[in-house]
Amino acid sequence: MRRYLKFSIVYLASAAWLPSAAAATRIIDDAALELNVIAGLRVPHHKRQIIEGPGGYRLDVLKHLAGISPYFDSPGVQLNPTPPDGCSVTKATYIVRHSNIYANDFDYETYLSPFLSKIGNFLNRSLFTMTPELAFLANYTSPITNATQQIERMTPSGGEAAAAFAGVIRNLYPTLLNGSASQADAFRIWAASASRDVDTANAFIQGLGNNATLVVVNEGENDSADSLTPHRGFAQISCPAFDASMGSVQFGAWQTKYTAPLIERFDRVAPGFNFTLTDIVAMQQLCGYDTVIRNRTEFCDVFTADEWLSFEYANDLMYFYSIGYGNPIAPQLGLPWVRSALDILSANDTKTFNQTLYISFTHREEPPLVLTALGLFNNSAPYPDLDVNSTMPTDSINYQRAWRTSDILPFLGHVGIERMQCVNASLESTTTSGDHGAQDLLNNGTFVRVLVNGAPIPIPPCQGGPGVSCALGNFADYIAGRVALYGDFIGACGINSTVANRTDLLSIYNAQ
């Protein structure tokens with residue numbers, strides 16, 4: 001079985017003042033900082049924050065923080081992540097979000113900095129001792145001590161987690177890493193040029209231990225689709241039409257609704273601080289950021305399970321409308337990497353693609369964009385005539401939604417596509433048509449599967465292979481259909497004809 005970054009030691013604590021305290025027990029890992037050994041690499045525990053209730057109910061708060069979650073394996077759809085019997089992985093390509101950071105600039109400027117300044121300047125901090133669950137605020141200090149040096153930068157735990165992830169990749173794909181390119185010290189790893197991406201990639205290379213070369217890909221230098229950050233817009237022109245503020249209206253509407261009773265509750269137990277929406281969201285964000293910065297936090301312990309699910313849904317709304325199906329150009333932004341992945345997996349020679357394993361590090365936006373290009377995690381997939389936006393209301397939570405960003409973009413969140421060679425494989429159905437370069441491999445038992453944070457995710461119209469994988473030829477057909485719908489990156493992004501490098505394609509992986 002695959003095992004990525006697993007941290008599990010917990011022990012009981014109480015939830016004295018919470019409205020659900022009678023029905024819930026807090027479990028918090030408060031053990032001394034210990035080290036796990038994963039794939040021969042040491043990585044610290046992230047202390048689990050569990051809410052338990054009657055009947056075996058458990059909610060791990062750190063798995064519901066969307067983009068602030070420390071890495072965890074996605075539950076997926078409960079398919080076995082081990083390659084099916086008779087199948088071996090012969091190629092793989094991954095796009096990976098960077099590892100743990102102190103905070104992103106939006107979170108820091110909008111929520112964290114105002115709240116941390118307000119706490120620091122509050123003269124009556126003994127007020128918080130009136131309720132046990134807020135007592136820690138009387139002496140709380142910011143985990144961010146130098147914003148200029150720390151915001152958007154990787155934390156020490158982020159480097160350790162990236163190295164551990166490298167150990168996992170090394171164990172998963174030993175034959176792919178022992179190919180001729182790797183042995184000749186020519187094995188390449190790619191990273192977008194932001195420091196958090198480069199630092200993550202360098203930590204990963206250290207953990208990999210094979211003298212890999214880092215290729216840094218500039219961000220938004222008029223390269224349009226030929227970039228690891230095709231969403232970058234405005235001043236950093238990769239896609240001028242991309243608007244990072246999309247989703248703010250829907251996100252804000254739900255924030256206002258779910259935080260209103262929380263503000264009342266906190267003002268009741270700590271009168272005088274005058275809690276605001278900004279304070280509530282900052283406190284919930286600090287549950288994650290405190291964890292990845294100093295591996296301890298009390299903020300996870302002051303909200304109920306329902307309140308954490310509301311926080312998660314707010315983030316799902318934001319990402320849905322900015323880099324998910326609610327943004328009409330999201331698939332166009334994800335397709336360049338998907339098309340390149342198909343080219344890599346389809347190639348039978350080493351002239352253009354001379355590695356059997358490709359790994360790239362980038363921002364949080366790219367894995368979700370890739371998933372929209374693939375048509376995965378789509379709430380309306382079973383209902384093609386349904387307006388997908390109607391599946392993400394702003395006045396109530398859609399608990400049945402497929403779009404859950406905690407499972408998609410935690411720190412080190414990734415999308416991988418594997419090519420498998422399977423012996424004596426058979427297809428439940430074969431509907432290939434056309435000639436897309438991969439068709440001749442179909443009868444040789446060549447299949448593709450998509451992994452999201454370690455979990456196999458079936459491609460909706462193509463699940464007839466072993467382990468509900470997709471025959472490579474059928475996958476090529478499916479992607480050709482997606483390209484017909486969403487392949488015009490230049491048009492969708494409104495890239496001017498004066499941009500000399502404008503392109504719909506990603507070519508950074510071509511052999512030099």
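Reply: A salt bridge here is a side-chain nitrogen of Lys or Arg within 4 Å of a carboxyl oxygen of Asp or Glu. Please note that this is a predicted model.

Me: How many salt bridges does the structure hold?

Reply: There are 9 salt bridges in the structure. In general, side chains of opposite charge can pair when their charged atoms come close.

Me: Which residue does D290 form a salt bridge with?

Reply: The partner of D290 is R294, and their closest N and O atoms are 3.1 Å apart. Both residues belong to helix α8 (residues 277-294), where 4 residues, about one turn of the helix, separate them.

Me: Is D290 buried or exposed? And what about R294?

Reply: D290 counts as buried because its relative accessibility is 0%, and buried means under 20%. R294 has a relative accessible area of 21% and is therefore partly exposed.

Me: What does the salt bridge between R449 and E418 tie together?

Reply: The N to O distance for R449 and E418 is 2.7 Å. R449 is in strand β12 (residues 446-452) and E418 is in strand β11 (residues 414-422), so the pair links parts that are 31 residues apart in sequence. R449 is buried at 6% relative accessibility, and E418 is buried at 0%.

Me: Which residues do salt bridges that share partners join into one network?

Reply: E312, D316 and R401 are joined in that way.

Me: Where do D199 and R153 lie?

Reply: The side chains of D199 and R153 form a salt bridge at 3.7 Å, N to O. D199 sits in helix α6 (residues 195-208) and R153 in the loop between α2 (147-150) and α3 (156-172), so this pair ties together parts that are 46 residues apart in sequence. D199 is partly exposed at 24% relative accessibility, as is R153 at 33%.

Me: Changing topic: how many residues are in the largest nonpolar core?

Reply: That core has 118 residues, and F115, F275, L374 and Y509 have the most contacts inside it. Helix α9 (residues 305-323) supplies its largest share, 12 residues. A second, separate core has 30 residues, including V96, I169, L412 and C422.

Me: What is Y509 in contact with, leaving aside its neighbours within four places in sequence?

Reply: With those neighbours left aside, the contacts of Y509 include R188, W190, L228 and W337. Also among them are S340, I344, T352, F353, Y358 and S360.

Notes. Residues numbered from 1 in each chain as written. Predicted model: local features only at pLDDT ≥ 70, side-chain atom pairs only at ≥ 80, totals over all residues. Heavy atoms only, no water. Core = buried A, V, L, I, M, F, W, Y, C linked by side-chain atoms within 4.5 Å. Buried < 20%, exposed > 50% of the residue type's maximum accessible area, 1.4 Å probe, protein only. Helix = DSSP H or I, 4+ residues; strand = E, 2+ residues; numbered from the N terminus. Contact = heavy atoms within 4.5 Å.
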